[in-house]
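Hello,

Here is the structure for your files. My notes on it follow below.

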Amino acid sequence: MKVTVSRDNLRIGMSRVSPFVGSRTTLPILNNVLLVADGESLSLSTTDLEVAIRTTIPAFVEQAGSTTLPAKKLQSIIGALPEGDVTLTMDENNQTQIQCGRSSFKILGLDPQDFPEDKEFDEEWAFSMPAIDLKKCLAKVAYSRSSDESRHVLNGVLLSVREGMLSIAATDGRRLALIERSLEEEGAPDGDVILPSKIVSELSKLLGGQEKVGVKLSQARAVFECTDTVISSKLVEGSYPNYRQVIPQSFAHSVAIPRVTFEHVLGRVALVVSDSSASVMMALENGNMSISASSAEVGEAEEPMDVSYEGDRFELSFNPDFFRDPLRELECDQLIMQFNDGFSPVALAGDEGFIYVVMPMRD
């Protein structure tokens with residue numbers, strides 16, 4: 001194998017595949033990246049046996065072939081190379097010479113025949129959408145998934161299709177984030193899958209530079225296909241809880257809040273919150289909302305802001321992080337908060353198709 005690629009393209013390719021290198025593995029081959037030179041491209045693949053990724057970059061291929069190289073070491077070398085083209089030349093002993101300008105390295109690889117083959121994928125249903133839309137949808141709900149590893153179903157994010165409507169949801173049992181989008185293509189069959197936390201995080205990084213993403217699903221795996229990258233992942237086994245039952249059917253009170261101002265005020269007031277006093281108080285009364293917090297260890301803070309609210313004084317206590325998480329990801333100018341009383345679920349909305357439901361805290 002002999003192939004020449006630009007250093008920048010090789011660096012981008014390695015940054016995409018390196019998060020999926022196997023860690024704490026007894027199989028040395030999983031520490032390596034598979035490189036395959038063919039035609040006018042070089043593909044790079046890694047896997048941890050749960051998730052597999054392959055990305056392709058343009059290349060000048062003098063001699064087709066394949067090898068595997070230690071992924072972390074290769075990434076470190078590429079990051080240290082000067083600007084210019086990189087030439088990779090492999091000999092019959094799986095030793096690869098890396099040349100860029102005056103820099104030269106020789107790295108010993110492993111037999112590419114030992115690299116795990118892609119398993120056959122039995123597609124059961126599929127759809128496609130703009131990649132940036134899926135990226136934003138995942139970001140608007142992913143923070144609500146559970147971090148408790150014993151609740152493996154809630155560690156993931158639900159993808160559900162019903163009559164051409166895509167619903168993406170995450171919950172940790174104390175809050176729920178849900179966003180819905182109409183699929184452009186007709187005929188997408190109904191189905192539910194739960195994406196693991198890792199694939200959700202990495203998809204959010206990858207999808208920003210892509211135009212469209214094709215999503216192919218079965219009961220066991222999900223495949224995401226972009227222009228130059230394909231990721232496949234095992235799915236979380238189990239049934240997702242009926243999250244819709246926690247969304248109140250109606251609300252007695254509604255308030256319109258400037259989103260950015262609200263985020264900034266919350267951030268300032270929350271500076272006095274401590275482990276022993278983790279709540280913030282929101283007091284509403286006739287066009288004004290006062291946000292306050294206090295703790296014995298730090299002190300107290302209070303800041304008012306103008307809102308659209310008419311009614312008697314009303315108070316809510318809440319975990320400030322539970323409110324700030326969605327505010328960071330939403331794009332609307334005005335946030336709509338709805339509630340019934342100080343003990344029932346509070347709903348936030350603003351962006352199209354989005355709703356966030358959280359339980360207030362009881363002092």
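A residue is called buried under 20% relative accessible area, exposed over 50% and partly exposed in between (1.4 Å probe, protein chains only). Helices (H or I, at least four residues) and strands (E, at least two) are DSSP runs, numbered from the N terminus. The model is predicted, so local features need pLDDT of at least 70 and side-chain atom pairs count only at pLDDT 80 or more, while totals for chains, interfaces and linings use all residues. Residues are numbered from 1 along each chain as its sequence is written, and side-chain values use heavy atoms, with hydrogens and water left out.

Helix α2

The buried residues of α2 (71-80) are A71, L74, I77 and I78. They sit on the same side of the helix, because their arc around the axis is only 130° (taken from the directions from the helix axis to the C-beta atoms). Exposed K72, K73 and A80 are on the face turned away from that side. The buried residues pack against α1, β2, β6, β8 and β9.

Salt bridges

With a salt bridge defined as a side-chain nitrogen of Lys or Arg within 4 Å of a carboxyl oxygen of Asp or Glu, the count is 19. One of them joins D325 and R175 at 2.9 Å, N to O. D325 belongs to helix α6 and R175 to strand β13, so this pair ties together parts 150 residues apart in sequence. Both D325 and R175 are buried. Through shared partners, salt bridges join D172, R174, R175, D325 and R328 into one network.

Regards

Conventions:
Contact means heavy atoms within 4.5 Å.
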